[in-house]
Amino acid sequence: MTQQTEPKLTSLAEGIADVEDLQDAGYQSDSLLKLTMRRIFRQRSAVIGGSILLFLILVAIFAPVIAPFDPNFVLIGHEDIKRRSDPCIHILGCDETQPQHILGTDGNVRDVFSRVVYGTRVSLMVGFTTVGFAIVIGTLLGALGGFLGGWIDNLIMRIMDVLLAFPSLLLAIAIVAVLGHGLQNALLAIAIVSIPIYARVVRASVLSVKEQEYVAASRALGGSKMHILFRRILPNAVPPLIVQGTLGIATAILDAAALSFLGLGAQPPTAEWGTMLGTERNQIFTAPHLVFFPGLAIMITVLAFNLLGDGLRDAIDPRLKN
Amino acid sequence: MKNKTLYLLFAAVLTLSLVLAACAPEAAPEAPAAEEPAAVEEPVAEEPAAEEVMAEFEGKMVQAPSCDYGGKIDSIVAVDAYTVEFTMCKPDPAFPAKAAFTPFGIYAEEWLMANASNANQETLLSAPVGTGPFALDNWARGESITYKAYDGYWGDKPAYDTLVIRWATEGAQRLLELQSGTVDQITNLSPDDYATVQDDANLTFLPVANPNVLYLAMTNPPFDNVEVRRAIAMGIDRARIVDNFYAEGSVVPSHFTPCSLPNGCVGDSWYEFDAAAAKQALADAGYPDGFETTIYYRDVFRGYLPEPGLVAVEFQTQLRDNLGIEAEVIVMESGEFIDESTNGRLNGLYLLGWGADYPHVTNFLDYHFAAANPQFGEVHPSIYEALEKASQLGDPAEAKALYVEANNAIKELVPMVPIANGASASAALNTLGNAHFRPFGAPLMAQVDPGKDTFVFMQNAEPISLYCADETDGESLAACQQVVETLLAYAIDSGEVVPELATACTANADSTVWTCTLREGVTFHDGSTFDANDVVVSWAAGIDASNEYHVGNTGVFDYYSYLWDGLMNLED
């Protein structure tokens with residue numbers, strides 16, 4: 001036994017000595033965060049996606065400053081303007097006598113630009129809230145299943161399998177039908193249908209991580225199950241979750257827009273892009289700007305999250321690239 | 001050689017006889033006789049047959065135990081094969097206008113007796129047998145209904161063979177289909193598309209002169225308080241709604257009933273918009289800071305409400321700005337919405353409207369404000385008593401004072417707020433001959449000429465069923481009307497009542513007995529002959545709740561109940 005352990009101890013001691021020597025020589029080791037950030041910034045798609053997302057977050061925060069009108073302000077009686085008027089930008093040649101509405105007005109004679117700007121708040125809130133909720137619940141379920149194994153794992157994962165067996169949007173519609181219309185219920189529905197994705201990702205990571213030597217060491221040192229799970233395993237299972245979560249936000253925003261388009265999500269007069277599309281869908285030929293700009297906003301936001309997610313995946317877990 | 005000549009001669013004779021035999025059925029005179037009604041082909045030979053029918057005829061009847069049930073119809077009797085007598089519990093001068101309405105269509109007695117049961121409900125609801133110019137060919141659920149011209153039709157036969165009714169809920173899709181020529185006529189043209197159609201040389205713009213009204217209704221607390229209702233009436237800027245959300249030609253109503261109907265808008269005009277007075281009235285009612293409520297609507301295009309969602313949001317805005325009332329907007333499924341609203345179960349405000357079924361003021365007032373209607377909650381004797389008396393007077397001038405009384409009571413009690421009389425339109429390809437849209441009822445599709453074998457009509461929803469005795473929606477009625485005919489009908493260009501299956505319906509002096517003389521030589525699509533018993537059985541199935549054939553889609557038989565003041569033998 002002595003002969004077997006001695007070389008290891010020697011090796012460890014030599015390793016520590018090497019690191020100390022390097023530090024003495026002026027070398028500083030980068031933190032994991034710094035390394036990750038450096039990798040992310042090397043990913044062009046992540047930079048573009050992150051920049052767009054940053055822009056959208058700023059738009060959402062400063063919406064009252066950017067938007068010329070309250071999103072629900074009806075211009076009837078305040079301006080001489082017709083409903084569903086075309087975009088009018090004075091510097092681009094629009095008649096100065098006409099009120100300026102850079103994206104036009106909608107069927108209720110409200111400023112479309114203001115509604116698109118405020119819609120950013122709703123969409124980002126939808127994305128972050130639903131995915132946040134789904135990650136918390138999914139992580140707990142996946143971690144418990146993966147770590148405990150046995151019948152608990154079986155029970156949890158079979159329930160997740162059942163949820164995954166339904167098309168997510170269809171399941172969300174069914175849940176909203178039961179809970180009732182409205183943005184809150186739509187958020188809950190989207191979060192519920194997203195849970196299995198995160199539960200599976202976390203479970204897979206936990207199954208892999210829990211076999212690592214440092215987990216065995218922690219167990220040998222007498223660490224409790226909770227300690228091992230939450231301090232040793234979960235922190236090391238997070239990277240794939242970040243990638244999945246970023247991509248999941250894009251899906252959640254699309255699902256929320258779809259529910260609102262169908263009249264099941266955000267209710268009037270909330271400035272939500274899906275609702276704006278749904279309300280004016282009949283005007284696609286007579287007033288195309290009413291569906292084009294909310295649609296464009298959805299596209300840009302989803303693209304931003306997808307680019308960022310792809311970039312994060314490449315940066316955090318290069319093995320998954322290609 | 002001689003034998004060969006004989007063989008050839010025999011063969012030639014045999015061949016000739018075979019050819020003649022093969023050609024015989026086409027040349028035979030029996031074929032048209034089988035297709036044409038006997039009365040048309042051989043009027044002389046028809047008379048003995050008719051006499052025979054008369055001699056063997058056993059007339060049926062339906063009668064209420066007494067007139068205490070509150071309805072208008074006492075009995076319907078088949079006096080002889082071609083005479084039906086309607087005895088009323090109270091005078092009803094509007095009988096012809098009502099009897100022309102599609103729900104009172106006549107079905108073949110044998111077909112009804114065979115299918116008006118829960119066991120055969122599917123056939124009852126989807127395969128009607130009537131006397132109309134078209135016989136049902138196929139109902140491809142979710143896609144279309146196909147009809148074939150009925151060869152045995154008693155009137156002018158259609159100029160084409162196949163009628164197809166399709167549907168699309170989206171106005172843009174309907175217009176696109178019309179522009180691309182895949183359909184010949186569309187209903188419910190969106191107001192935003194009026195200019196497009198009017199500027200398109202390939203299309204014909206068809207204004208629809210159907211009187212209608214959109215109203216904002218409210219039933220349950222806090223709207224059971226008349227002061228709250230008056231505040232709402234004064235606090236809604238109706239002109240702003242009509243100016244901004246309705247097509248040109250729409251008007252702000254002065255009364256619940258459109259002015260195009262006699263006695264429709266007599267009495268005091270509706271409240272003027274006055275936000276300050278409305279706010280004060282709401283404060284006096286105990287709600288100085290407003291309250292929270294809900295606005296319900298169904299997302300269905302109607303002439304009286306072309307853009308439901310937008311108008312609902314406009315109400316939401318006005319209630320908040322003018323009265324401090326915060327309202328949530330909720331869209332409901334159409335069937336559920338109708339059921340909940342007409343039974344007075346919606347807690348909040350709701351947008352509902354009415355398009356005239358028949359050209360009489362009773363269609364608007366009596367339907368909505370009758371004593372038995374739970375829609376507006378508490379019923380008001382000051383309204384329904386005047387209406388009951390007025391409905392029994394045939395002379396509009398004589399009834400005017402009573403309608404003034406009823407209209408003033410409606411204004412005073414505000415069971416709802418009339419918002420708009422909407423202008424609406426249909427559109428057709430300019431190649432469509434005799435393109436029209438009647439003021440009352442669906443287009444007479446047998447009278448158009450598409451210049452080809454098929455006419456495709458597109459409406460905005462799929463029919464619920466094709467047994468229209470128990471349906472109320474316009475889409476079902478339009479589909480039924482091509483198959484099933486009524487005793488009387490509405491003219492193509494006005495509300496005038498004209499003969500259909502009855503050549504005439506005449507009343508006694510006080511309009512308590514209506515005698516209808518039926519058209520002879522009419523056959524149903526199943527080949528059976530139309531007679532008075534078909535009328536009695538069809539009406540009995542609708543009006544008599546205890547009748548064994550009183551089976552339909554819902555079993556409510558709304559129009560039988562509302563237009564005749566209730567069903568016979570209806571249990572509580």
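Residues are numbered from 1 along each chain as its sequence is written, and chains are lettered from A, and ligands numbered from 1, in the order in which they are written. Because the model is predicted, local features need pLDDT of at least 70 and side-chain atom pairs count only at pLDDT 80 or more, while totals for chains, interfaces and linings use all residues.

**Confidence**

The predictor gives the complex an ipTM of 0.74 and a pTM of 0.75. Two residues are in contact if their C-beta atoms, placed from the backbone, lie within 7 Å. Where pLDDT is low, the predicted coordinates should not be read in detail.

**Chain A**

Chain A has 12 helices and zero strands; these are DSSP runs, numbered from the N terminus, with helices (H or I) of at least four residues and strands (E) of at least two. Of the 322 residues in chain A, 42% are buried. A residue is buried if 20 or more other C-beta atoms lie within 10 Å of its own, with C-beta atoms placed from the backbone. Among contacts in chain A with a separation of 6 or more, 69% join residues 24 or more positions apart.

**Domains of chain B**

The bounds below come from an automatic or database domain assignment.

| Domain of chain B | Residues |
|---|---|
| Domain 1 | 6–111 + 486–563 |
| Domain 2 | 132–209 + 424–481 |
| Domain 3 | 212–420 |

In chain B, 25 residues of domain 1 are in contact with 23 residues of domain 2. Helix 20 of chain B gives the most to the domain 1 side, with three residues.

**Nonpolar cores**

A nonpolar core is a set of buried Ala, Val, Leu, Ile, Met, Phe, Trp, Tyr and Cys residues joined through C-beta atoms within 7 Å. The largest has 106 residues, and those touching the most other members are B:Val84, B:Ala100, B:Ala427, B:Val535, B:Val536 and B:Ile543. Helix 19 of chain B (residues 532–543) contributes the most to this core, eight residues. Domain 1 and domain 2 of chain B each supply at least three of the core's residues. Leaving out residues up to four places away in sequence, B:Val535 touches B:Ala78, B:Val84, B:Ile106, B:Leu487 and B:Leu518.

Key. A residue is buried if 20 or more other C-beta atoms lie within 10 Å of its own, exposed if 12 or fewer, and partly exposed in between; C-beta atoms are placed from the backbone.
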